[in-house]
Amino acid sequence: MRFTKLTWFAAAAFCALSFFAPTVINAQLFGKSDYTALYRLHNAQSGDHLYTTTCDEKNNVAGSGYAFEGVNGYVATRQNRRLVPLHRLVLSNGEHFYTTNDQEMRNLSQTAGNRYEGITGYLSSNQQRGTVPLYRLVNGGNHFYTANEQEKNSFLQAAGSQLEGITGYVWTSGADNCGGGAVIPGNFPVIYAQSNFQGPAQAVERDWAGNKDWEGKPHLIRSIRVPQGWYLVLYEKRNFGGKSYNLNGDWSPQQGDYWNGRIRSIKVYQGNPPPQPR
């Protein structure tokens with residue numbers, strides 16, 4: 001068979017498309033269900049913090065000296081080239097330890113008395129939209145990991161506490177398969193699908209123009225946490241349209257509240273209240 005210049009060009013283009021297509025397809029396949037809650041539990045007697053993504057472990061450990069502290073962020077359930085594994089080990093002193101540094105993981109795994117327990121999930125190696133830093137802190141022999149800025153700052157006020165750096169970046173929303181709640185990364189305002197700050201949740205760290213997932217399929221906004229220093233303007237239509245309502249504190253509507261299930265978009269302000277209409 002004789003190849004013309006046009007045939008060679010088409011063949012080259014086909015090969016190039018075949019080479020790059022898997023990366024593009026894999027990126028497109030990452031949806032909300034590919035990010036799962038990272039649950040945090042604390043043993044007050046030993047000082048150990050346990051982080052897990054499995055419901056069975058969360059429930060079993062909660063009955064053996066560990067208190068459930070909520071969701072510490074969301075991690076990816078599978079890897080691509082921008083994500084790094086979060087390794088989990090048990091050190092010789094009984095502490096659970098987490099790292100995304102492969103060399104650190106190997107060194108600790110080879111140390112007598114330590115035990116490698118596998119990959120807890122995958123973190124982003126760089127900050128991207130929808131992620132916040134997962135800080136690693138230490139005090140004495142116990143490490144602490146949090147994506148909450150206020151928790152980090154409070155921890156550092158204790159004598160002997162140190163910030164060891166950023167382990168990686170976790171997402172502020174994802175699938176909460178066990179019904180976690182409580183701690184939300186970043187100390188941002190948080191919308192909830194059920195009253196009294198229960199059910200599926202999503203942090204709202206910037207203006208939110210609306211999303212079909214929060215229009216009844218699968219849920220509606222039925223309560224909102226607003227940390228001190230944050231101010232929200234709620235709108236009844238997407239893209240900040242229709243009636244509006246200013247909110248500067250937690251909101252869980254009573255029966256007959258006009259805004260129960262009607263919120264479609266939110267303006268977010270920090271530090272200063274929203275401008276008053278003229």
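User: How many aromatic pairs does a search of the whole structure find?
Analyst: In this predicted model, the search returns nine aromatic pairs. One of them is formed by Tyr51 and Tyr98, with 5.2 Å centre to centre and 80° between the planes, an edge-to-face arrangement.

User: Where do Tyr51 and Tyr98 lie?
Analyst: Tyr51 belongs to strand 2 and Tyr98 to strand 5 (residues 96-99), so their pairing ties together parts that are 47 residues apart in sequence.

User: Are they buried or exposed?
Analyst: Tyr51 and Tyr98 are both buried.

User: And which rings make up the cluster?
Analyst: Ring pairs connect Tyr51, Tyr98 and Tyr145 into a cluster.

User: What about Phe144 and Phe155, stacked or edge-to-face?
Analyst: That pair is stacked, because the planes stand at 20° with the ring centres 5.2 Å apart. Phe144 is in strand 8 (residues 142-146) and Phe155 in helix 4, which places the partners 11 residues apart. Phe144 has a relative accessibility of 6% and therefore counts as buried.

User: Changing topic: which rings have a charged end sitting over them?
Analyst: Examples include Tyr39, where the charged end of Lys58 sits over the ring at 5.7 Å from its centre, and Phe240, where the charged end of Lys267 takes that position at 4.4 Å from the ring centre.

User: Where is Tyr39, then?
Analyst: Tyr39 is found in strand 1, which covers residues 35-42. Its relative accessibility is 1%, so Tyr39 counts as buried. In space, the C-alpha of Tyr39 is 9.1 Å from that of Cys178, although 139 residues separate the two in sequence.

User: How many residues of strand 1 are buried?
Analyst: Seven of its eight residues are buried, so strand 1 is largely enclosed by the rest of the structure.

User: Which strands does strand 1 pair with?
Analyst: Strand 1 is joined to strand 3 by seven bridges, in antiparallel fashion. Four bridges join strand 1 to strand 2 (residues 49-52), and these two also run antiparallel. As for individual partners, Tyr35 is bridged to Ala76 in strand 3, while His42 is bridged to His49 in strand 2.

User: What is there between strand 1 and strand 2?
Analyst: The two strands form a hairpin with six residues between them, and Gly47 takes a positive phi near 85° in that hairpin.

User: On to charges. How many salt bridges are found in the whole structure?
Analyst: The search finds 12 salt bridges. Among them is the contact of Arg40 with Glu69, at 2.7 Å from N to O. This pair links distant parts of the chain, since Arg40 lies in strand 1 and Glu69 lies in strand 3 (residues 67-76), 29 residues apart.

User: Is Arg40 buried or exposed?
Analyst: Arg40 counts as buried because its relative accessibility is 3%.

User: You mentioned strand 11 and strand 12. What is the strand order in their sheet?
Analyst: That sheet is open, has three strands in the order 11-10-12, and its pairing is antiparallel. Strand 11 (198-203) and strand 12 (223-225) are the edge strands, each pairing on one side only. From one strand to the next, the twist averages 25°.

User: How many bridges join strand 10 to strand 12?
Analyst: Three bridges join strand 10 (residues 190-194) to strand 12. Within strand 12, Ile224 stands opposite Ile191.

Terms used
Residues are numbered from 1 along each chain as its sequence is written. This is a predicted model: local features need pLDDT of at least 70, side-chain atom pairs count only at pLDDT 80 or more; totals for chains, interfaces and linings use all residues. Side-chain values use heavy atoms; hydrogens and water are left out. Two strands pair if DSSP finds at least two bridges between them. Axes are lines fitted to C-alpha atoms, for helices over the stretch in contact, and angles run from 0 to 180 degrees between N-to-C directions. Buried means under 20% relative accessible area, exposed over 50%, partly exposed in between (1.4 Å probe, protein chains only). A salt bridge is a side-chain nitrogen of Lys or Arg within 4 Å of a carboxyl oxygen of Asp or Glu. Rings of Phe, Tyr and Trp (its six-membered ring) pair if their centres lie within 6.5 Å; planes under 30 degrees apart count as stacked, over 60 as edge-to-face and the rest as tilted. A charge sits over a ring if NZ of Lys or CZ of Arg is within 6 Å of the ring centre and within 35 degrees of the ring normal.
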